[in-house]
Amino acid sequence: MTVAPADLANAIRALSMDAVEAAGNGHPGMPMGMADVATVLYTRYLKFDAADPKWPDRDRFVVSAGHGSMLAYATLYLTGYARPTINDIRNFRQLGSPCAGHPENFELAGVECTTGPLGQGLAMAVGMAVAERHLNAVFGDALVDHRTWVVAGDGCLMEGINHEAVGLAGHLGLGRLIVFWDDNRITIDGATTLSTSEDIPARYTASGWHVEACDGHDFDDITRAIESAMTDERPSLIACRTLIGKGAPNKQGTKAPHGSPLGKDEVAATRVALGWDYPPFEVPADLLETWRDAGKRGAPEHAAWTARLATSTHAGEFARRIDGKPASDWLKPHLDALLAAPQKIATRKASEIALVAATAELPEMLGGSADLTGSNFTRTPSTTTFDRSDYAGRYINYGIREFGMAAAMNGMALHGGIIPYGGTFLIFSDYCRPAIRLSALQKARVVYVMTHDSIGVGEDGPTHQPIEQIMSLRLIPDLDVYRPCDAIETAECWALALEKADGPSLLALSRQNLPQLRTDADENWSARGGYRLRAAKAARQVVLIASGSEVALAVSVADELEARDIGADVVSMPCWERFDRQSVAYQDDVLGSEALRVSIEAGTTMGWERYTADGLRFGIDSFGASAPIDDLYRLFGLTADAITPQIIDKLKK
Ligand SMILES: Cc1ncc(C[n+]2csc(CCOP(=O)(O)OP(=O)(O)O)c2C)c(N)n1
Ligand SMILES: [Mg+2]
């Protein structure tokens, strides 16, 4: 028996309004408004197999308007994914249910990325579409040939990141990206006319997109628009004219259903209006069966793909790439060369030579920079340009789109098969920050290459000199922030970042040259986060703890102290997060319990008391200044001459 698409869509509506009603909070409006579009997509076009949510060649579906999470949960349940169960949906937004307030990729297979911060889902989808084209170019149509679909709201399209993402996708010609714009003309405050007069289709068209419009409640019209989008070479925006909360007779089309339960009476009225005569969380058997059939629609294609993979010459490498297990053979020869011929170079330069070695061996690395390639040193001979003329390229000129770059990298990492890295100045980590936070939350392996990491920037002045950035990045849970002190540590940190399959890393790198302090590389000492780089010669009274460019300064201070018979250890602390994961015994041994602990870092001192306790903290708690680097280090008292006497004074107290 055939079931009308309107009834299939009503199942989404009913589950959404009932789940929100049960939770007492949530957002029924978007899923009810986009139910018809989602029904057409899932029953006719989306390439997926509910039995294997991780099938690498599945289409990616991103609910960028993450407040409409019930759209995702309802479709996953209806099409027969193992989770969510109907019980999970009953427990929408409750502790222990994978049906979280907003969709979380780490809770449910089938949720491709974590959304809720508006605009970022769409920007991540751009990264997924990049990943698809790249892997297609490398492995061919037989193994990689899928699309990326997005549901975006008015909010997603208003956010600034939308501009970056749309510009990038249009430029790169990502024709397999199709965005459904939930054109309901409502946001939280009311009508979109309150806050925007933008001609969105014109902006998209001007950015190189194909734009379609449809009645988001007319199945034939939705179908027509999708068919048109699928055949166009450009990325597509489909403006779906919808009613928010469609089906709720007194609330649809108003701001009311955006983020509140419909309420008992309106739910009852909606049931009548939709002809939905079933108790909450009950989907009649014939409807559920039709939905479940849609969930199996892709099974034959999946089976054919599996058969192709089995006989493909790429089978081994493809599996390795998808498993995300990068080789690490590049590291040892690289370290041996550095030990044989020590380099006094900036750590950004050290990063470049590490990258030359790593990218030569790791084809999964796909790099780029937000228009600072010549400063970040992110490009290597192995990373030729990725653009619409060569998707096999491995270097993206992101343009001046830091946030867009970071979000796209999240999408690539989550797509799988790629380890993205991208550069900008550390000061502009603030422009990337919401995406860095989502890298960490989503457990995405993204490597941020952030150069010009302190007043060491020099003449560009305080607008370009990070002060609070490093410390504030350390606040982000599960982000490993590295500030290596020399070429050896830089290589070690790169190796650690590449190995970390379940989360992001950020390398803060110097503009200025730094001496190579490490004379051994038998163990990856950076893996400890902090370690004794140099032990006191005289009886230890002081432990100097420094990161990055200030480790060399700490060594000079130690020399001054030792000349006065005051023993001083130098601890290099490239990564707080890793140090904090060591045993207490190790931490105590490195920090020394009896000694005066002194931190030196050319950034905010707030936070270092974690390690120095009542010792001394040297750093910068104001904005920097525009001047040559040596003048700046003198101005801020970050010299051995300025620091040593203060330590001696403190020891006398
Ligand atoms: C970056 C960001 N800013 C603000 C919010 C809070 N917020 C959630 S939904 C929303 C309104 C979005 O309007 P629209 O996309 O049109 O969604 P609709 O009301 O149509 O479902 C806002 C402001 C958010 N989630 N993310
Ligand atoms: Mg809206």
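1. A polar contact is here a pair of N or O atoms within 3.5 Å, and within protein one of the two must be able to donate a hydrogen and the other to accept it. The model under discussion is a predicted one.

2. In that sense the side chain of Thr605 makes a polar contact with the side chain of Asp621, at 2.7 Å. Thr605 is found in the loop between β19 (596-600) and α24 (609-612), and, leaving aside residues up to four places away in sequence, Thr605 touches Arg617, Phe618, Gly619, Ile620 and Asp621.

3. Is Thr605 buried or exposed? Thr605 has a relative accessible area of 10% and therefore counts as buried, since the cut-off for that class is under 20%.

4. Turning to the ligand, 15 residues surround ligand 1, and the closest are His67, Gly116, Gly155, Asn184 and His258. By class, this shell has six nonpolar, seven polar and two charged residues.

5. Backbone atoms approach ligand 1 at several places: a polar backbone atom of Gly116 is 2.8 Å from a nitrogen atom of ligand 1, a polar backbone atom of Leu118 is 3.1 Å from a nitrogen atom of ligand 1, and a backbone N or O atom of Gly155 lies 2.7 Å from an oxygen atom of ligand 1. Ligand 1 taken alone exposes 590 Å², of which the protein buries 73%. The elements that give two or more residues to the shell around ligand 1 are α6 (154-158) and β4 (186-187).

Key: Residues numbered from 1 in each chain as written. Chains lettered and ligands numbered in written order. Predicted model: local features only at pLDDT ≥ 70, side-chain atom pairs only at ≥ 80, totals over all residues. Heavy atoms only, no water. Near = heavy atom within 4 Å. Areas by Shrake-Rupley, 256 points an atom, 1.4 Å probe, with all protein chains shown as cover. Helix = DSSP H or I, 4+ residues; strand = E, 2+ residues; numbered from the N terminus. Nonpolar A, V, L, I, M, F, W, Y, C, P; charged D, E, K, R; others polar. Buried < 20%, exposed > 50% of the residue type's maximum accessible area, 1.4 Å probe, protein only. Contact = heavy atoms within 4.5 Å.
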